[in-house]
Amino acid sequence: MAEDNAKDVLPSWVDDKESECCDWERVTCNLPGHVSKLNLNSVIDIPQNDFDSEPLLLNASLFLPFNQLLSLDLSENGFSCCVENGGLIELSNLEVLILSYNRLNDTLLIQELTDFRNLKILDLSNNSFVGSIPNSIQTLSSLKALSLSYNLLNGSLPIPGLCELKNLQELDLSHNHLTGVLPPCLRSLTSLRLLDFSFNQFEGKISSSPIPSLVSLEYIDLSHNLFEDSFSFESIANHTNLKVVMLGSDNNKLEVATECSSWFPKFQLTVLMLPNCNLNKLPEFLSHMLNLRVLDLSHNNIAGTFPNWLLENNPNLDYLILRSNSFFGQFYLSPNFSSKIARMDISDNHFNGRLQENIGEILPNDFYLNMSQNAFEGTISSSICNGPNLKHLDLSGNNFSGEFPDKFAQNCSGLLFLSLSNNRLCGQMPNTNMSSLRFLDISKNHLSGTVPYWISQTQNSFSIDISDNHMAGEIAGLFSNTSFPSSVNMRDNAFKGENSLSGLIPAQLCQFNKMAMLDLSQNSFSGPIPYCLSNLSFGNIKAHDSSLSWSDDVSVMRLIGYDFESLLHRDIIHELRDHEFTEPVAVEFITKTIAYIFKGFILDWMSGLDLSCNYLTGEIPPELGKLSWICSLNLSHNQLAGSIPNNFSNLEQIESLDLSYNNLSGEIPSALISLHFLEFFSVAHNNLSGKTPEKGQFSTFDNSTYEGNPFLCGPPLEKSCGVVVEPPTLVSDLSEEKWYEIDPVAFTASFASTYAIFLLCLFAVLYINPYWRQRWFNFIENCTYACYYFIIDTFRKLSVKFSW
């Protein structure tokens, strides 16, 4: 541990030479001079995602002098492994050992802990342990809490192994690769309060598993496994202490029964999450729930109108997630009911009609509201943002129409996330300042006018998408004050550049060195491509520095208030996985000629530049070859000239490169064969010449890649490169030999024959048709008289002039 960091975290350990160690920070003594507890978590300053640092070894022998030590917490220090014979086995008096959030990457340390007969709490979570759970874990007979979550463990559960831990109250094996069925012997864990097997590959039937027999359970999480068949809550009706239930299968084969029955639940749930459980109606036992704080029924096929009774029966409901179901009708909330809901998601259903004018007053505590992908219509209620806490609003994919209300913009000025895309909004965007926005998507509407200046005032904006509208005007000054947007999409508008004459792409864009995606396609930009675009990162940043995967991180500040006394000090708010309730930020970007929707953490690795379908001229700046991390580059449908830069071979991560429909000339650089990730490549309809590359990824491209270049040859083209025909060039010296040749004899013969055929056809028509023959003679006669009188008249005028 670095001494300077020790002074910050443990100053008494470094500077205090006189006082008793029991007075030092993070030290607890049960008797004078007898240390019983050391809380040394996060004492080594290791960057969260810095996996290139030197491995740190845990030498537990340093703690041997503390022979009365009962609790040792070394979490969040970045230890990679333990020093062999380092003394861990000698700390057999320990009752609490916490090594979570390190980088331990060997098999489990169970063999070293077999003599720890007094160990009650063991937390090895958030490491990289591999292999299976050994049977020797049964020797830890005093264990009350065991967490092996967030590791790389595989195989089935050990039998008897875990089943011999009769005192176990909390068992967390989530986020591993464990397989098989739940062993029946788990029924012997009669004191078990918390059971979390989520995010594994367990299979079988829950109804025939040990779960119905474990009546002491308070917390059950079996979500994201491969369970199947039907499960009825009636089988756990006698679990009187049950507070949290999370189910859901990754293979879509688990079905939660909703049959009508007379059973009455003896539990009152606080958290119920049943996503992807093949529900076709609301479970009837919900009518008996009065204390729900979190309810997630997303990704089912539940039909019917909005269940207002759920809100009335559970006045403390915080989270209501009904996303991706078949609810229909008008979304109507009782006007006399003031809900405490903080997060509501009813997206991807069939709700229709207009929103209530006072919806913001009915949901005053809401900070996340997602009503996207429905059929709401009419104007957007300006009161929807009346709640002072609202930060995330998604109304995309509906039929809202009318102008963008100024009152709406005023009330929603505190939003961080706003999506109104895929509606029918028209008119100009309001000038009301909404500079707090970090994500803005108003694409695919009918908005017109200029982009409001307040967009230039947004700070730490992550993504701006105003594509597919009818906006126009200049954008040169729009981003002079914006701080580091990661994605800008202005596709399919009518924007011009710095001024209406030159139409240059504004150089101010080059200051955004953390930008990952820039789409200015289908506009009217002209002039050269700014060479300074090479200053943009386009993916050359670490994942934890990227902001595109941001998903309303302010939401985690809202507590759900579930009181669970966990021996593992488990953060229930965190364990509810806030991302379960939030659809990740999505960004549309065209690559490989297809419009893809990128969302979640994939955005940390996606980068692209699209300047296609403009009027850009000049040569391709060689500086663009410095974008070694970019995944997609589209410069097609412009008027670019010159050659393809040789240093494009440095685009090591490029997957899609489109240079088609330009005026490029010269040969395709052979060095491009080193682009091993290139999946799409097009130089069609240019003026390129020479031989096509044949090796590497280029051996997979077809004729469409090169069509419209008559002077290219080689596979996959039919033209062989045996005789290379050079493309035509402009001739500057008339004395030089022309690139074409004319045969005088052939030219004279063809001209004479053509003339003779014309005369013969004319005589034939006049001979056959007397009417046309008479018209022809009249035409000749009129021309004769016209010429005659023109000459006489001209001669007379000249005579009169000279007679004077």
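**Salt bridges, disulfides and sheets in a predicted model**

A salt bridge joins the side chains of Arg-193 and Glu-170, with an N to O distance of 3.7 Å; the term denotes a side-chain nitrogen of Lys or Arg within 4 Å of a carboxyl oxygen of Asp or Glu. Arg-193 lies in the loop between E12 and E13 and Glu-170 in strand E11, so the contact ties together parts that are 23 residues apart in sequence. Helices (H or I, at least four residues) and strands (E, at least two) are DSSP runs, numbered from the N terminus. The model is predicted, with local features requiring pLDDT of at least 70 and side-chain atom pairs counted only at pLDDT 80 or more, while totals for chains, interfaces and linings use all residues. Residues are numbered from 1 along each chain as its sequence is written, and side-chain values use heavy atoms, with hydrogens and water left out.

Arg-193 also forms a salt bridge with Glu-218, where the closest N and O atoms are 3.1 Å apart. Glu-218 is located in the loop between strand E14 (201-205) and strand E15 (219-221), so this pair with Arg-193, in the loop between E12 and E13, ties together parts that are 25 residues apart in sequence. Arg-193 is buried, with a relative accessible area of 16%, where buried means under 20% relative accessible area, exposed over 50%, and partly exposed in between (1.4 Å probe, protein chains only). Glu-170 is buried at 0% relative accessibility, and Glu-218 is buried as well.

In the whole structure, the search finds seven salt bridges. Among them is the pair of Arg-323 and Asp-345, at 2.8 Å from N to O. This pair links distant parts of the chain, 22 residues apart: Arg-323 is in the loop between strand E22 (319-321) and strand E23 (326-330), and Asp-345 is in strand E24 (residues 343-345). Relative accessibility is 7% for Arg-323, which counts as buried, and 0% for Asp-345, which is also buried. In general, side chains of opposite charge can pair when their charged atoms come close.

The count of disulfides is four, a disulfide being a pair of cysteine sulfur atoms within 2.5 Å. Cys-22 and Cys-29 form one of these, with the sulfur atoms 1.9 Å apart. The link of Cys-22 and Cys-29 is left-handed, with -95 degrees about the S-S bond. Cys-22 is buried at a relative accessible area of 19%, whereas Cys-29 is partly exposed at 24%.

Another disulfide joins Cys-163 to Cys-185, with an S to S distance of 1.8 Å. The link of Cys-163 and Cys-185 is right-handed, with 50 degrees about the S-S bond. It connects distant parts of the chain, 22 residues apart, with Cys-163 in the loop between strand E10 (152-155) and strand E11 (170-172) and Cys-185 in the loop between strand E12 (177-180) and strand E13 (194-196). Cys-163 is buried, with a relative accessible area of 2%, while Cys-185 is partly exposed, with 27%.

Cys-385 and Cys-412 are likewise joined by a disulfide (S to S 1.7 Å). The torsion about the S-S bond of Cys-385 and Cys-412 is about 90 degrees, so the disulfide is right-handed. Cys-385 is in the loop between strand E27 (375-378) and strand E28 (392-394) and Cys-412 in the loop between helix H5 (406-411) and strand E30 (417-419), so the pair ties together parts that are 27 residues apart in sequence. Both Cys-385 and Cys-412 are buried.

An open sheet of six strands has the order E8-E10-E12-E14-E16-E18, with parallel pairing; two strands pair if DSSP finds at least two bridges between them. Strand E8 (130-131) and strand E18 (254-256) are the edge strands, each pairing on one side only. E10 and E12 run parallel and are joined by two bridges, and Gly-155 stands opposite Leu-178 in E12.

Four strands form another open sheet with parallel pairing, in the order E45-E47-E49-E50. Strand E45 (641-642) and strand E50 (711-713) stand at the edges with a single partner strand each, so one side of each is left without a neighbour in the sheet. Strand E49 (residues 687-691) pairs with E50 in the parallel sense over three bridges; Phe-711 in E50 is the bridge partner of Ser-689.
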